[in-house]
Amino acid sequence: MPGTTLIEIKCEKCQKIFEAVIIEHIDLAEDGKMAPQVKSGKLNRAVCPQCKKVTYVDRALVVNFEPESLIVLFDPSATTAQAKETLRKEYDTLIHYNEIFEEVGKETEFRVVSELNELRKLIDNYIGNHWLSESEPLLPK
Ligand SMILES: [Zn+2]
């Protein structure tokens, strides 16, 4: 099951403010069917209840590449090296204060990615390594 959160969105067409559930964490080993949407940058689609305008929400997404011991934080706004470093430090702090996380964290690479193209390549690699094809997610090689 993907991790979700409730956010407020302001419609860019009619200015109405509405709430939408968006996905903020997926695990490719379980949520493989979402891979094509993640690759297209259209995972989080919200529809304005008033004017029906469709918005693709540009939010940070955590992708777990289980069983490859790689966790990627995809954040389109983390375009500078400094922003990436700050996010990495937050992650280090998080795992430091949680024993279970610390165990996993030591063996897991945490990478911050801001370019959709880079995320796409990582997912394509993953699919090539683990699945028969993109249309058959979760069907192991
Ligand atoms: Zn609207």
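**Core and sheet, in questions**

Me: Which residues have the most contacts inside the largest nonpolar core?
Reply: This is a predicted model, and its largest nonpolar core has 18 residues. Among the elements that give two or more residues to this core are α1 (35–40), β5 (61–64) and α4 (116–130). The residues with the most contacts inside the core are Val 38, Val 63, Val 72, Phe 74, Leu 119 and Ile 123.

Me: Let's zoom in on one of those. What does Val 38 touch, leaving out residues up to four places away in sequence?
Reply: Val 38 is one of the residues with the most contacts inside the core. Skipping residues up to four places away in sequence, Val 38 touches Ile 26, Leu 43, Val 63 and Ile 123.

Me: Which residue in the turn between β5 and β6 has a positive phi?
Reply: β5 and β6 form a hairpin, with five residues between them. The one with a positive phi, about 55 degrees, is Ser 69.

Me: In what order do the strands of the open sheet run?
Reply: The sheet has five strands, and the pairing is mixed. β1 (3–10) and β7 are the edge strands, as each pairs on one side only. The order is β1-β2-β5-β6-β7.

Key
Residues are numbered from 1 along each chain as its sequence is written. This is a predicted model: local features need pLDDT of at least 70, side-chain atom pairs count only at pLDDT 80 or more; totals for chains, interfaces and linings use all residues. A nonpolar core is a set of buried Ala, Val, Leu, Ile, Met, Phe, Trp, Tyr and Cys residues joined through C-beta atoms within 7 Å. A residue is buried if 20 or more other C-beta atoms lie within 10 Å of its own, exposed if 12 or fewer, and partly exposed in between; C-beta atoms are placed from the backbone. Helices (H or I, at least four residues) and strands (E, at least two) are DSSP runs, numbered from the N terminus. Two residues are in contact if their C-beta atoms, placed from the backbone, lie within 7 Å. Two strands pair if DSSP finds at least two bridges between them.
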